[in-house]
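Colleague: I am new to this one. Can you put it up and walk me through it?

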Amino acid sequence: MTASVESSQSSVPRDMPVQRAHVMRGGQGGRALFMAALPLLAAAVSWCLHRYLPNRQTTQPTHFYPLLLNAMLLFTGGLFLIQISWPVMGKWFRPKAPLLTAFILLLAVWDLITLKFALMPLPYFPGPDRVLNSLVDNWRDLAQCTGYSLVLLASGFALGAGTGMICGVLIGWSPRFRYWGMPVLKTVGPIPATALVPLALILFPSAFLSGASLIALAVWFPVTMLTASGIANVRMSYLDVARTLGAGRRFLIFRVAIPAAMPSIFIGLFMGLGASFLTLIVAETVGVRSGLGWKLAWAQQWTEYDQVYAIIAIMAVFFSGIMTLLFKLRDRVLVWQKGVIKW
Amino acid sequence: MVMPSLEPPASATGAAAPSPSAMSALSGASALQIIGVGKTFVAADESRVIALQDATLSVRPGEMIALVGPSGCGKSTLLRLLAGLDQPTTGQLWAGEQRISGPSAQRGLVFQDPNLFPWLTVRRNIESGLVARGALREQRHEVPQFMRLVGLEGFANAYPHQLSGGMAQRVALARALVNQPSVLLLDEPLGALDAFTRMRMQDEVLHLWEARGTTMLLVTHDIDEAIYMSDRIVIMTPRPGRIDCVLPVSLPRPRERNSPAFLALRSHILEMLHFAGSRS
C-alpha cells in the first residue's frame with residue numbers, strides 16, 4: 001500500500017523546477033544580461049525618437065506622452081537594476097521581458113507612423129500622444145461611462161447566466177422540459193440578440209432594462225445549450241453510485257449532475273461572455289445615453305478620433321479583465337480537473 | 001478427475017432448483033433472497049434479450065458469495081437488480097424482510113471502475129453517502145475511521161485523479177461502507193487492478209468482511225479470487241443467463257492459494273465451465 005501511496009505522490013512536478021533551474025544556469029552570462037536590459041533599451045529608443053525627431057503632424061503636442069516615456073524609462077531601468085541585483089525577482093520577470101519590450105517598441109512605431117512621419121491622415125489616425133491626452137482630459141467622463149457599462153453588463157450577464165443555468169438543468173434533466181424547451185431553444189436561441197433591438201425598445205420601460213435584457217438573451221442561449229448538454233451527458237454510473245448511497249433527486253441534481261456538468265457549463269459561460277460584449281456595445285448605441293458604446297458612437301459623430309482610440313483602449317482592458325476573472329473563477333471551480341497538487 | 005474433499009458434493013452440483021437453505025430462508029433468516037428472478041431487456045427495435053432467467057438463491061447474513069461465469073451470463077444484471085437500480089421482469093427480490101423496489105443505502109455497490117466523483121476530494125467522496133442520507137452532521141466524526149480502515153489517512157484532501165487505481169478502489173470501498181450497509185454488492189471491483197494490487201486488495205476486502213460482518217456478493221471473472229474469498233460460489237451460464245449451480249467452499253481460512261484442495265476445486269470449476277480438457 002505504501003508503494004502506491006508514494007508513487008502517486010511523486011508522479012507530479014517535483015522534478016520540474018530542477019529542470020528549469022538547469023536551463024537558467026546554462027543560459028546565464030551575456031545573453032541573460034542582454035535580455036534583462038532589453039526593455040530599458042526599447043524605452044530609451046522610444047524616448048529618443050520622440051524627443052529628437054521633428055513632428056510632421058500638425059497637432060498640438062502635449063506633455064502627457066513624454067511623461068509616460070519618462071515613467072517607462074524609470075520603470076524599465078528599475079527592473080533592470082532589480083534583475084541584476086536580486087536573482088529571485090529576476091527569475092520571475094525574465095519570461096515577461098520580451099513582451100514588455102515589444103509593447104514599448106509598438107508605441108514607438110505608432111508614434112513614428114503618426115506624429116513623426118505623418119504617414120496616416122488626421123483626424124482619423126492620431127498618435128499615442130493625442131490618445132493619451134484624450135484619456136487624461138476626459139478621464140472623469142470615461143470612468144463614468146465605464147462604470148455604467150460595467151453595471152449594464154453585469155446585470156445582463158448575471159440575469160442571462162442565471163436563467164440559462166436553470167433552463168439548462170431543467171432541459172438536461174427532465175424529459176418533459178426537454179420536449180417543450182428544446183424547440184424554443186433551437187428557434188429563439190440562434191437569433192442574434194441585436195436583431196431584437198426594435199422589440200426590446202418598445203417592450204421595456206427604460207433603455208437600461210432593454211439593454212440588460214438583450215444582453216441576458218445573448219448570454220442565455222449558449223449557457224442553456226451547454227448546461228443542458230452537460231447535464232444530459234453525465235455518466236450514468238455516477239448517478240447509479242449516488243442512488244446506491246441513498247441519494248434522492250435533490251442530491252442527484254445538485255451534488256452529482258451539476259458538478260459533473262461544470263466543465264460544459266463554463267464553456268457556455270465563456271461563449272455567453274463574448275456574446276455579451278458584442279450586445280453591450282450595440283445596445284448602448286441605441287436608446288441608452290451613457291456607457292462606452294454610446295460614447296464611442298458619440299466620439300465618432302464628432303470625429304473625435306482621439307477619444308475613439310481612448311475608448312477602444314479602455315474596452316480592451318475592461319473586457320480582457322472580465323475575461324480573466326472568469327478564467328480565474330473556472331480554475332478555482334474546476335481545480336479537480338487539472339493536475340494541480342493541493343497537499 | 002477425483003472430487004476434492006468438498007461437502008456436500010451432491011447438493012453442490014444440483015441445478016437451479018431452490019436449495020434447502022433457500023427454503024429455510026423464506027422464513028426470514030436470510031440477508032438476501034432471489035426467487036425466480038428473470039430480466040428481459042427490450043431493445044428499441046422490439047427485439048428481446050433475456051439477460052437473466054429464473055434465478056433463485058438465498059444468501060445468509062454475513063456470507064461471502066462469489067458469482068462467476070462467462071460474460072453475458074447475467075451476473076452484473078443480477079447485481080444491479082439486487083442494488084435496486086433495475087427492476088426484474090419476473091420473480092421477487094428480498095433484502096431481509098423487505099422487498100427490493102429501488103436503491104437503498106442498506107445495499108452498497110462498488111463497480112469495477114471506482115466511479116469516484118472527480119470533483120470531490122477523497123474525504124468528501126467518502127462523506128457523500130452521509131450527505132445523501134442527510135446524516136453528515138451526526139456521523140461526520142466516523143469518516144476518519146473509515147479512511148483508516150482502507151489505509152487512506154493523509155489523503156483526505158487529494159482529488160481522485162491523483163490516486164492510483166488501487167487507492168481509488170479503496171476510496172470507493174470506504175464510500176460504500178460509510179453508510180454501514182448490511183449488504184455490499186461488488187461488481188468486479190478488483191478486475192482492473194494489476195495482479196499484485198489485486199491480491200493485496202483481496203486480503204483487505206476479506207479483512208473488512210471479517211471485521212464488519214457485512215454480507216458480500218462478489219461478481220468476478222477470476223476463479224482463484226472466487227475460491228480464495230467466498231463461502232459459496234454461484235456458477236452462472238450465458239444465453240440465457242441463469243444460475244448453473246452453487247458450490248460451497250469449505251476450505252479453512254486464511255486460504256492457501258496453492259494448496260492441493262484449492263487447486264482441485266479450481267480445476268473442478270474450470271471443468272464445469274467447459275474450459276478443462278475432457279468432458280463428455
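Colleague: How many helices and strands does chain B have?

Modeller: Chain B has 10 helices and 10 strands, taken as DSSP runs numbered from the N terminus (helices H or I, at least four residues; strands E, at least two). This is a predicted model, where local features need pLDDT of at least 70, side-chain atom pairs count only at pLDDT 80 or more, and totals for chains, interfaces and linings use all residues. Residues are numbered from 1 along each chain as its sequence is written, with chains lettered from A and ligands numbered from 1 in the order in which they are written.

Colleague: How many residues does each chain give to the contact?

Modeller: Chain B gives 30 residues and chain A gives 23; two residues are in contact if their C-beta atoms, placed from the backbone, lie within 7 Å.

Colleague: Which helix of chain B gives the most to that side?

Modeller: Helix 4 of chain B, with five residues.

Colleague: Switching to chain A, how do helix 8 and helix 9 pack?

Modeller: Helix 8 (residues 139-173) and helix 9 (residues 175-188) of chain A pack at an angle of about 130°, with axes 7 Å apart. Axes are lines fitted to C-alpha atoms, for helices over the stretch in contact, and angles run from 0 to 180 degrees between N-to-C directions.

Colleague: Which residues meet there?

Modeller: From helix 8 of chain A, A:C167, A:L170 and A:I171 meet A:F177, A:R178, A:G181, A:M182 and A:L185 in helix 9 of chain A.

Colleague: And over what separation do contacts in chain B run?

Modeller: Of the contacts in chain B with a separation of 6 or more, 70% are between residues 24 or more positions apart.
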